[in-house]
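The entries follow in the order in which I looked.

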Amino acid sequence: MGGRAMYLDDDISAVRDTQLNVYNFDTLSKEADASYGFLRFDPNNTCNLHCVYCHNHRSEALIDLDRFVWFLNNKVVSVSTFQIGCVMEPTLDRRLCDFMLAIAASPARPTKDLMLQTNGTLLNKHDYDKMRAAGLTLLSVSMDAADPETQRSLRGGMSLERVFRNISGFKSACPDVSIEFICTVTTANVDKVDSLVELGLGIGVMRYVFREVYYYPDNDVVDHERMPALLLSDGQFSAMRERLEAKYNTDAQFIFATSSYLDRAARKMVADSGYVGRDLGRMSETVRRALG
Ligand SMILES: C[S@@+](CC[C@H](N)C(=O)[O-])C[C@H]1O[C@@H](n2cnc3c(N)ncnc32)[C@H](O)[C@@H]1O
Ligand code: SF4
């Protein structure tokens, strides 16, 4: 592969990697000011889709914009990467660009990336001029397959056509903002990711993040009917990685994160985020082994 590949399956980075959302905003507001490697923020706590593998609870709770501005100016020393949209869907919040502009005008203006992570379906409802003004550097769109059926069945009925229309409109308005596809890899799409890469390369997507699906059986949100059959068997993720590496000679960046890496990263993030009483539960691999 001519491109840059990164394997996330080993050491967890030591930098502070913190979520900021309706669950811990009050807690972090009482802590001392801090510097963050990653600050992953959700202004709202709901979504317009129900992806089959999503474990996150939802509610109508919101972060107040004025309190957010206070937080940025009093509790943040610096941020390397500021991500908007981590546990829920940020484009559902009409105030999205106001939050982005507040970040840009504060000590939290990131030194590396200002990233928006989204399912892409409602991107067109927001003001791209404001996103540019806020210094957005990376649009991260969740995409699991190039064929509409697979995408719809994994990502809660999402319309691929609509998301592509939105990406195209965004690209015209923000040509300097990089776009990545972030793909959750399951048995339903592990053999189909090649066409997703081809589709992305065709529209100038230069970064691809592949996340092996994880499963916490004690969670009460995720679709327990479908999940066991969607888990990859041992070696399937690395076989996909090797196939993509052998096939694509491209300048695009490929990032591969195993489910065990994501589990360890999530546990560190829980600690770094000051959550009270949050328990991820048992890891999927335990279940996979039990299922034989
Ligand atoms: C929880 S979503 C929040 C942002 C936004 N709503 C979106 O879908 O992009 C963040 C990312 O986590 C991924 N994700 C959700 N459940 C997952 C799972 N069980 N295993 C691996 N990745 C998962 C999603 O596909 C998405 O790319
Ligand atoms: S993965 Fe993102 S789009 Fe899908 S249900 Fe979860 S928050 Fe919504």
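Entry on the ring cluster. I found Phe164, Phe181, Tyr208, Phe210, Phe237, Phe254 and Phe256 joined into a cluster by ring pairs. The model is a predicted one. I searched the whole structure and got 14 aromatic pairs.

Entry on two of the pairs. I looked up Phe181 and Tyr208, which pair edge-to-face, with 6.0 Å from centre to centre and 85 degrees between the planes. This pair links distant parts of the chain, since Phe181 sits in strand β7 and Tyr208 in strand β8, 27 residues apart. I noted both Phe181 and Tyr208 as buried. Next I took Phe210 and Phe254: their ring centres are 6.2 Å apart and their planes are at 20 degrees, so this pair is stacked. Phe210 belongs to strand β8 and Phe254 to strand β9, 44 residues apart. I noted Phe210 and Phe254 as buried too.

Entry on ligand 1. I listed 19 residues around ligand 1, and the closest are Glu89, Ser142, Arg155, Thr184 and Tyr214. Strands β5, β7 and β8 each supply at least two residues of this shell. An oxygen atom of ligand 1 lies 2.9 Å from a side-chain N or O atom of Arg155. A nitrogen atom of ligand 1 lies 3.2 Å from a side-chain N or O atom of Arg211. I also looked up the area: ligand 1 taken alone exposes 550 Å², and the protein buries 95% of that.

Entry on ligand 2. I found Cys47, Cys51, Cys54 and Arg155 among the residues around ligand 2. By class I noted 6 nonpolar, 1 polar and 2 charged residues in the shell around ligand 2.

Definitions and conventions. Residues numbered from 1 in each chain as written. Chains lettered and ligands numbered in written order. Predicted model: local features only at pLDDT ≥ 70, side-chain atom pairs only at ≥ 80, totals over all residues. Heavy atoms only, no water. Near = heavy atom within 4 Å. Nonpolar A, V, L, I, M, F, W, Y, C, P; charged D, E, K, R; others polar. Polar contact = N/O pair within 3.5 Å; in protein donor to acceptor, adjacent residues only side chain to side chain. Areas by Shrake-Rupley, 256 points an atom, 1.4 Å probe, with all protein chains shown as cover. Helix = DSSP H or I, 4+ residues; strand = E, 2+ residues; numbered from the N terminus. Phe/Tyr/Trp six-rings, centres within 6.5 Å; stacked < 30°, edge-to-face > 60°. Buried < 20%, exposed > 50% of the residue type's maximum accessible area, 1.4 Å probe, protein only.
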